[in-house]
Amino acid sequence: MQSFLNSVDLEEDREDFATVSGLATWIAGHGLASPGYVPSEGDRLRAIEVREGIRDLLLPHGGDDVPEGTVSRLNDALGTVLLTPVFAEDYGLRLPPAGAGLDAVLGRLLQIIYASSIEGTWQRLKVCRNDACRWAFYDASRNRSGVWCTMARCGSKMKARSYRRRAQSASSR
Ligand SMILES: [Zn+2]
């Protein structure tokens, strides 16, 4: 899930879903390809829509608000994804996706979200508070207080920035 969200890297200017073949490579690289599936341009746009919608849904995990219209846009993009409940050999309930193509790929990701919401780990998946970054990260801190992807990449940078701002306003007084 984290890897899906981080298929775009704003800081490094990398977008794995920039082309249809890029999306196909990502899907295959994560073992999510169904036999004979070749993504279309519509699939590419839909994958990005779902990715950014889910990223926005993570904002409350870091104390921020979800932008208006996110839920309906995301639900529209999910469209025809279908999960089919089955009990597994270990008697646990599973929700494998029905269908093929992008529906199956998105279904697998939704299944991960569902399972992690039950486990309580979903709340720990957050979006970096640096708007130029928006990297998805797992907050492993005991009190779940993390707001930056990493201290090295954004935390120290943002702290330095607010320090400079404070220093500037102090000297302009
Ligand atoms: Zn960051």
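Contact here means that heavy atoms lie within 4.5 Å. The structure is a predicted model, in which local features need pLDDT of at least 70 and side-chain atom pairs count only at pLDDT 80 or more, while totals for chains, interfaces and linings use all residues. Residues are numbered from 1 along each chain as its sequence is written, and side-chain values use heavy atoms, with hydrogens and water left out.

The protein chain contains six helices and six strands, where helices (H or I, at least four residues) and strands (E, at least two) are DSSP runs numbered from the N terminus. Read from the N terminus on, these elements follow the order α-β-β-α-α-α-β-β-α-β-β-α. Along the principal axes, the C-alpha atoms of the protein chain fill a box of roughly 65 × 40 × 30 Å. Of its 173 residues, 38% count as buried, a term that stands for under 20% relative accessible area, whereas exposed stands for over 50% and partly exposed for values in between (1.4 Å probe, protein chains only). Among contacts between residues at least 6 apart in sequence, 48% join residues at least 24 apart.

A zinc ion is coordinated at 2.3 Å by the SG atoms of Cys128, Cys133, Cys149 and Cys154. Donors are N, O and S atoms within 2.8 Å of the metal (3.2 Å for Na, K and Ca), and sites may look incomplete because water is not among the atoms. The four donor atoms subtend angles of 103 to 117° around the zinc ion, and the arrangement is therefore tetrahedral, a label given to four donors if all angles lie between 85 and 135 degrees. In sequence, the donor residues are spaced C-x4-C-x15-C-x4-C. Cys133 lies in the loop between β5 (125-127) and β6 (136-138), and Cys149 in the loop between β6 and α6 (151-171), so this pair ties together parts that are 16 residues apart in sequence. Cys133 counts as buried because its relative accessibility is 2%, and Cys149, with a relative accessible area of 12%, is buried as well. The loop between β5 and β6 also holds Arg134, whose phi is near 55°, a positive value in a residue other than glycine.

Two packed helices are described by the angle between their axes and the distance between the axes. For helix α3 (residues 41-57) and helix α4 (residues 70-78), the axes come within 9 Å and cross at roughly 145°; axes are lines fitted to C-alpha atoms, for helices over the stretch in contact, and angles run from 0 to 180 degrees between N-to-C directions. The residues of α3 that meet α4 include Val50, Ile54 and Leu57, and their counterparts in α4 include Val71, Leu74 and Leu78.

Pro85 is placed in the loop between α4 and β3 (86-87) and is exposed, with a relative accessible area of 55%. Not counting residues up to four places away in sequence, Pro85 touches Leu93, Arg94 and Leu95. Pro85 and Leu95 are ten residues apart in sequence, and their C-alpha atoms are 4.5 Å apart in space. Tyr91, in the loop between β3 and β4 (93-94), counts as exposed at 72% relative accessibility, and the phi of Tyr91 is near 70°, a positive value in a residue other than glycine. Ser40, found in the loop between α2 (20-29) and α3, counts as partly exposed at 34% relative accessibility.

Definitions and conventions
Tetrahedral: all angles 85-135°; square planar, octahedral: opposite > 155°, others 65-115°.
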